[in-house]
Amino acid sequence: MSNNAEKFLELAQAPFPQNALPDQQVYEHPLVKRYATKEMSFVWSPAMKFTTWRKLWTALATAEQELGIEISDEQLEEMRKNIYDIDFEFAEKKEREFRHDVMGHVHAFGEVAPKAMPIIHLGATSCYVGDNTDIVQIKEALLLIKRKLVQTINIMRKFAVEYRDLPTLGFTHYQPAQLTTVGKRCTLWMQDLLLDLQKVDQEINELPMRGVKGTTGTQASFLELFDGDHEKVKALNKRVTELMGFKRVIPVSGQTYTRKIDYNVLSVLSGIAQSAYKMCGDIRLLSNLKEVEEPFSKTQIGSSAMAYKRNPMRSERVCSLARYVMSLPNAAANTHANQWFERTLDDSAIRRIYLPEGFLAVDVILNLLSNIADGLHVWPNVVKAHVMAELPFMSTEVILMECVKKGGDRQELHEAIRVHSMDAGAVVKGEGKPNDLMERIARDPLFAAVHADLDRLIDPKLFVGRAPEQVDEFVSEEIDPVIEANKDLLNIESVDDVNV
């Protein structure tokens with residue numbers, strides 16, 4: 001008779017039952033299922049993609065009619081009325097038949113706009129709808145990223161101002177260094193995001209349409225369509241670009257727009273990911289010091305085993321997603337470098353992955369940053385305790401100078417401070433006791449001239465330099481003008497918030 005272990009092994013090693021959990025047998029992408037927002041998901045959705053294809057076909061036909069091609073108002077009206085009437089099953093059926101996704105959708109459009117069928121896609125190549133739609137989606141995604149960047153920076157502004165003059169230990173090499181302030185440290189994070197915002201704005205303003213270029217970028221099919229009239233071909237290119245809401249069109253192309261554009265865009269997204277990783281990495285370290293903590297809900301569980309833990313899970317998630325985004329420009333660089341002559345199709349599959357996923361991940365990252373910054377909790381007493389554990393060493397130069405001013409011997413005082421510092425350090429490191437350097441100085445007659453003034457001389461605010469003023473200047477000169485210029489974006493609420 002089998003024992004329990006044998007019964008388990010028999011079950012565990014058997015094939016998975018075909019009828020078990022039928023709705024959960026297909027892989028679900030966690031970026032979409034678990035993290036992505038509705039807004040960014042929509043930008044890269046089939047609905048957005050394929051209705052944009054239809055808008056591009058309608059814009060092309062409209063411009064061709066304006067320039068003298070025989071296309072009726074009735075045909076254009078039929079196209080406009082059916083932009084959002086897409087039979088995806090029919091399109092997929094035709095794609096399987098033709099083994100061509102664009103032609104599958106040309107026929108799906110023609111099914112609901114039969115009078116327009118003869119002129120749909122007239123003179124165009126697949127990249128007319130494919131590449132131009134990618135550019136439209138990239139621009140829409142960048143606009144969403146810009147909005148969330150501005151909102152995140154605005155939230156962080158409040159934190160920086162609130163803690164502009166709260167002294168805290170600075171760290172170099174993750175070793176205690178000169179004091180800074182909690183608010184000043186926040187401005188370092190903000191400055192990175194501000195630089196990212198400038199790059200996002202640049203991409204939005206300079207992003208070109210591929211336009212109307214033909215199969216190898218020579219516009220030969222359109223030149224044929226317009227009986228060799230070069231000016232009409234140029235006008236068509238310009239007019240379609242205008243109808244699609246763009247000011248610029250790429251000057252020259254092969255079959256596709258240069259994949260250098262994808263690399264540039266993903267580099268901007270990587271920059272945001274880098275800034276987010278830096279900020280959240282700092283927060284994770286500060287969380288370990290118990291100086292600063294991210295939001296933690298009443299029912300949140302930090303560890304399934306250690307019930308007392310308050311793990312910085314949001315910051316860890318930011319770093320995890322950011323690490324992925326930072327890897328994407330390398331893939332885009334290889335895609336661009338490997339485009340032979342006017343085009344090779346080995347760019348297609350990977351672009352379907354890294355363009356949407358880069359934006360989906362950065363969108364989630366910015367949602368998380370806003371959430372973290374809005375609920376970031378500072379523990380001033382812990383911050384002060386860490387400052388006071390190190391400040392006695394930092395204050396010795398001030399104490400020495402004050403004693404010299406009052407007639408003391410600089411060399412004798414310096415040696416006394418060196419000895420006291422070594423002894424105090426030995427107590428801290430060897431015995432695990434608090435830093436008692438100030439008590440030693442207070443008992444030493446050599447320092448009698450400043451004994452009554454020691455508390456003032458080790459006030460942490462005397463050691464933060466211009467940190468508070470730097471916060472004020474950075475906010476007023478760099479942040480506030482950006483917030484004012486984009487104040488309309490502050491009033492737009494996101495459709496969804498941090499899920500888990």
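# Briefing on loops, salt bridges and a charged patch

His 173 is found in the loop between β1 (167–172) and β2 (175–181), where helices (H or I, at least four residues) and strands (E, at least two) are DSSP runs, numbered from the N terminus. The model is predicted, so local features need pLDDT of at least 70 and side-chain atom pairs count only at pLDDT 80 or more, while totals for chains, interfaces and linings use all residues. Residues are numbered from 1 along each chain as its sequence is written, and side-chain values use heavy atoms, with hydrogens and water left out.

**Loop residues**

- His 173 has a positive phi of about 60 degrees although it is not a glycine, and at 77% relative accessibility it counts as exposed (buried means under 20% relative accessible area, exposed over 50%, and partly exposed in between, with a 1.4 Å probe and protein chains only).
- Phe 341, in the loop between α13 (313–337) and α14 (348–375), also is a residue other than glycine with a positive phi, here near 50 degrees, and Phe 341 is exposed, with a relative accessible area of 82%.
- Asp 227 sits in the loop between α10 (220–225) and α11 and is exposed at a relative accessible area of 73%; its C-alpha atom is separated by 26 Å from that of Gly 130, which is 97 residues apart from Asp 227 along the chain.
- Arg 248 has its place in the loop between α11 and α12 and counts as partly exposed, at 39% relative accessibility.
- Although Arg 248 and Asn 205 are 43 residues apart in sequence, their C-alpha atoms are 8.9 Å apart in space.

**Salt bridges**

- A search of the whole structure finds 30 salt bridges, each defined as a side-chain nitrogen of Lys or Arg within 4 Å of a carboxyl oxygen of Asp or Glu.
- One of them joins Lys 146 to Asp 201, with the closest N and O atoms 2.8 Å apart; this pair links distant parts of the chain, since Lys 146 belongs to helix α8 (residues 126–162) and Asp 201 to helix α9 (residues 182–206), 55 residues apart.
- Within that pair, Lys 146 is buried, with a relative accessible area of 15%, whereas Asp 201 counts as partly exposed at 22% relative accessibility.
- In helix α11 (residues 230–243), Arg 239 and Glu 242 lie 3 residues apart, about one turn of the helix, and their side chains meet in a salt bridge at 3.4 Å, N to O.
- Lys 278 counts as partly exposed at 39% relative accessibility, while Asp 282, at 17%, counts as buried.
- An α-helix has 3.6 residues a turn, so residues three or four places apart point the same way.
- Glu 39, Arg 147, Lys 148 and Asp 363 are linked in a network of salt bridges.

**Helix α8**

- The 37 residues of α8 should span 54 Å at 1.5 Å a residue, and the end C-alpha atoms of this helix are 54 Å apart, which agrees; the expected span is 1.5 Å times one less than the number of residues.
- Because 29 of the 37 residues of α8 are buried, this helix is largely enclosed by the rest of the structure.

**Negative surface patch**

- Asp 85, Asp 87, Glu 89, Glu 92, Glu 95 and Glu 111 form a negative surface patch.
- Patches are made of residues with over 30% relative accessible area and no salt bridge, with like charges joined within 9 Å and nonpolar side chains (Val, Leu, Ile, Met, Phe, Trp, Tyr) within 5 Å; accessible areas come from the Shrake-Rupley method with a 1.4 Å probe, and for residues only the protein chains shown count as cover.
- Asp and Glu count as negative and Lys and Arg as positive, with His and the chain ends not counted, and the place of a charge is taken as NZ of Lys, CZ of Arg, CG of Asp or CD of Glu.
- Helix α6 (residues 88–98) gives the most to the negative patch, with 3 residues.
- Asp 85 is found in the loop between α5 (73–81) and α6 and is partly exposed, with a relative accessible area of 38%.
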